[in-house]
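Open your viewer and get your selection tool ready. Here is a short walk through one model, stop by stop.

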Amino acid sequence: MSGLENLGTTCWVNSIIQMLRYTKNVVVKLVEIKPEQPILASFVDLLYQDTGNIKNFIKMLPTLGLNPMLQNDSHEFMLAILD
């Protein structure tokens, strides 16, 4: 799998996606649940298939209360997406 495109201020998202991508137990569980929410389905695509569209995922971040145009902390994103 390749790295993710950095869209200016998205390194805090990319670092968590790339870290979780290589955490096999997390990926296996997420793929099994088939999420209904669009942001979670997009997140799983980025983790498992490397076919997800990072730009579309970034646009959905406000649904988690995160502004993709601002710097955020990686751990805040990780807590929000796993919650």
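How much space lies in the largest pocket? About 160 Å³, in what is a predicted model.

**Stop 1: the pocket.** Select Gln37, Leu40, Ala80, Ile81 and Asp83, which lie nearest the centre of the largest pocket among its 14 lining residues. By class, that lining has 11 nonpolar, 2 polar and 1 charged residues. Now colour by helix: helix 2, helix 3 and helix 5 each supply at least two lining residues, and helix 3 gives the most, with 4.

**Stop 2: the core.** Next, select Val13, Ile17, Phe43, Phe57, Leu61 and Phe77. These have the most contacts inside the largest nonpolar core, which has 20 residues. Helix 1 (11-21), helix 2 (24-33), helix 3 (38-49), helix 4 (54-59) and helix 5 (74-82) each supply at least two residues of this core. Centre the view on Leu61: leaving aside residues up to four places away in sequence, Leu61 touches Trp12, Val13, Ile39, Leu66, Pro68 and Phe77.

**Stop 3: the rings.** Show the aromatic side chains. The whole structure holds 4 aromatic pairs. Pick Trp12 and Phe77: their ring centres are 6.0 Å apart and their planes stand at 80 degrees, so this pair is edge-to-face. It links distant parts of the chain, with Trp12 in helix 1 and Phe77 in helix 5, 65 residues apart.

Are these two partners buried or exposed? Trp12 is buried, at 2% relative accessible area, and Phe77 is buried too, at 0%.

Key
Residues are numbered from 1 along each chain as its sequence is written. This is a predicted model: local features need pLDDT of at least 70, side-chain atom pairs count only at pLDDT 80 or more; totals for chains, interfaces and linings use all residues. Side-chain values use heavy atoms; hydrogens and water are left out. A nonpolar core is a set of buried Ala, Val, Leu, Ile, Met, Phe, Trp, Tyr and Cys residues joined through side-chain atoms within 4.5 Å. Buried means under 20% relative accessible area, exposed over 50%, partly exposed in between (1.4 Å probe, protein chains only). Contact means heavy atoms within 4.5 Å. On a 1 Å grid over the protein atoms alone, a cavity is a set of points where a 1.4 Å probe fits but cannot get out, and a pocket is an open set with protein on both sides within 12 Å along at least five of seven lines; lining residues have an atom within 4 Å of a point. Grid points are joined across faces, edges and corners, and a volume is the space filled by probe spheres set on the points. Ala, Val, Leu, Ile, Met, Phe, Trp, Tyr, Cys and Pro count as nonpolar, Asp, Glu, Lys and Arg as charged, and the others, Gly among them, as polar. Rings of Phe, Tyr and Trp (its six-membered ring) pair if their centres lie within 6.5 Å; planes under 30 degrees apart count as stacked, over 60 as edge-to-face and the rest as tilted.
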